[in-house]
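Keep the viewer open as you read.

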Amino acid sequence: MNHTTQLPDHRSAHTRNGAVSAAPAPARTGSRRRPTSTQWAAWGFLAPVTLYLALFYAYPLYRNIDLSLRNYTVRSFVQGDAPFTGLKNYRTVFDDPTFAPALLHTVVFTAVCLVFQYAIGLALAVFFNQHFRLSATLRALFLVPWLLPLIVSASIWSWMLNSDSGIVNAALHVMGIGPVNWLTSPSWSLTSVIIANIWIGVPFNLVVLHSGLQSIPAGLYEAAALDGAGAWRRFRSITFPLLRPVSAITLLLGLVYTLKVFDIIWIMTKGGPADSSTTFATWSYRLGFGNLLPAFGPGAAVGNLLVVAALVFGLVYVRAQRKQALS
């Protein structure tokens with residue numbers, strides 16, 4: 001006799017009858033998920049920053065773009081009824097004979113200042129990284145040009161480079177060299193403002209690059225020294241490559257700052273003589289505020305060209321950083 005044990009059938013009635021039914025759907029709550037207290041706190045912290053960026057960056061940029069696309073006069077600037085002209089102000093700027101010299105001076109001023117500020121700042125950062133006696137005190141003294149108001153720094157350099165009573169020409173006279181018209185000669189005016197701006201920008205490069213040097217492990221230098229690498233080889237193979245991310249952000253910030261330098265040039269030379277030291281920053285100011293009949297539209301157009309240049313270099317930096325992170 002065959003005894004078969006019957007196991008209990010746990011299937012549902014629909015399954016036993018040959019039909020398969022779907023699992024019951026979860027009950028809906030009837031409302032969306034509400035933000036938690038942590039999310040509200042995050043939005044609360046973001047709100048002041050967002051408001052600040054909207055009021056002091058987004059709105060002025062919008063107004064500047066609007067100025068460059070309309071024919072604003074003093075009356076229409078007050079009443080707000082300036083007619084829309086499209087890109088006419090930009091064509092006026094491009095056709096102006098001052099455009100080419102101002103573009104050249106802006107490129108030369110920015111490039112020369114960046115190269116010398118970075119090179120001198122890096123040399124000083126490596127020098128002060130040796131941690132010798134009084135290094136902290138001397139490093140603090142190098143910050144003085146950076147801490148001074150720009151109007152004070154420009155006035156000091158104007159006095160030093162004065163053709164008649166300046167200390168620079170007095171020193172040249174002691175060495176048997178004739179006086180140089182630093183601020184009144186078209187051949188020297190751009191050089192004068194470049195020298196002053198380099199002096200002002202070196203401390204920033206020194207501080208940032210010195211901070212970057214602190215993050216490089218000392219063990220790398222010790223291992224390289226044991227392998228017989230000299231000071232120059234250690235700098236070329238260790239310091240400079242590992243300092244590349246810090247160098248990139250230093251150059252980017254220096255570029256943005258140098259593109260918009262106005263105070264130094266205007267106080268020392270006012271862009272002259274004969275537009276020999278005029279850059280986009282001083283030209284934009286002179287168009288908008290330096291005449292009895294201001295040209296608000298072309299002045300805003302020149303300012304927007306500076307914004308576009310800074311934005312392009314910023315995007316190049318972001319792209320390079322992203323490519324470096326993926327590699």
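Which side chain meets Asp275 in a salt bridge? The partner is Arg286, with 2.9 Å from N to O. A salt bridge here is a side-chain nitrogen of Lys or Arg within 4 Å of a carboxyl oxygen of Asp or Glu. The pair links distant parts of the chain, 11 residues apart: Asp275 sits in the loop between α14 (263–268) and α15 (280–289), and Arg286 in helix α15. Helix names follow DSSP runs numbered from the N terminus (helices are H or I, at least four residues; strands are E, at least two).

Some ground rules before going on. This is a predicted model, in which local features need pLDDT of at least 70 and side-chain atom pairs count only at pLDDT 80 or more, while totals for chains, interfaces and linings use all residues. Residues are numbered from 1 along each chain as its sequence is written, and side-chain values use heavy atoms, with hydrogens and water left out.

Back to the pair: Asp275 is partly exposed at 27% relative accessibility, and Arg286 is partly exposed too, at 21%. The cut-offs are under 20% relative accessible area for buried, over 50% for exposed, and partly exposed in between, using a 1.4 Å probe and protein chains only.

Phi of Asp275 is near 60°, a positive value in a residue other than glycine. Lys270 lies in the loop between α14 and α15 as well, and Lys270 also has a positive phi, about 55°, without being a glycine. Then there's a cis peptide bond joining Gly272 and Pro273, with omega about -5°; Pro273 belongs to that α14–α15 loop.

How many salt bridges are there by this rule? The count comes to three. Besides the one you've seen, look at Arg63, Asp66 and Arg70, which are linked in a network. Asp66 pairs with Arg63, their closest N and O atoms 3.3 Å apart, and with Arg70, where the closest N and O atoms are 2.8 Å apart. Because Asp66 and Arg63 are three residues apart in helix α2 (residues 37–68), about one helical turn separates them. Asp66 is buried at 12% relative accessible area, whereas Arg63 is partly exposed at 26% and Arg70 is partly exposed at 26%.

Now for the helix packing. The axes of α5 (residues 99–128) and α10 (residues 189–214) come within 6 Å and cross at roughly 40°. That makes α5 oblique to α10, since angles under 35 degrees count as roughly parallel, over 145 as roughly antiparallel, 65 to 115 as roughly perpendicular and the rest as oblique. Axes are lines fitted to C-alpha atoms, for helices over the stretch in contact, with angles from 0 to 180 degrees between N-to-C directions.

Finally, find Pro179 in the loop between α9 (167–174) and α10. Pro179 is exposed, at 65%, and its C-alpha is 6.6 Å from that of Ser163, 16 residues apart along the chain.
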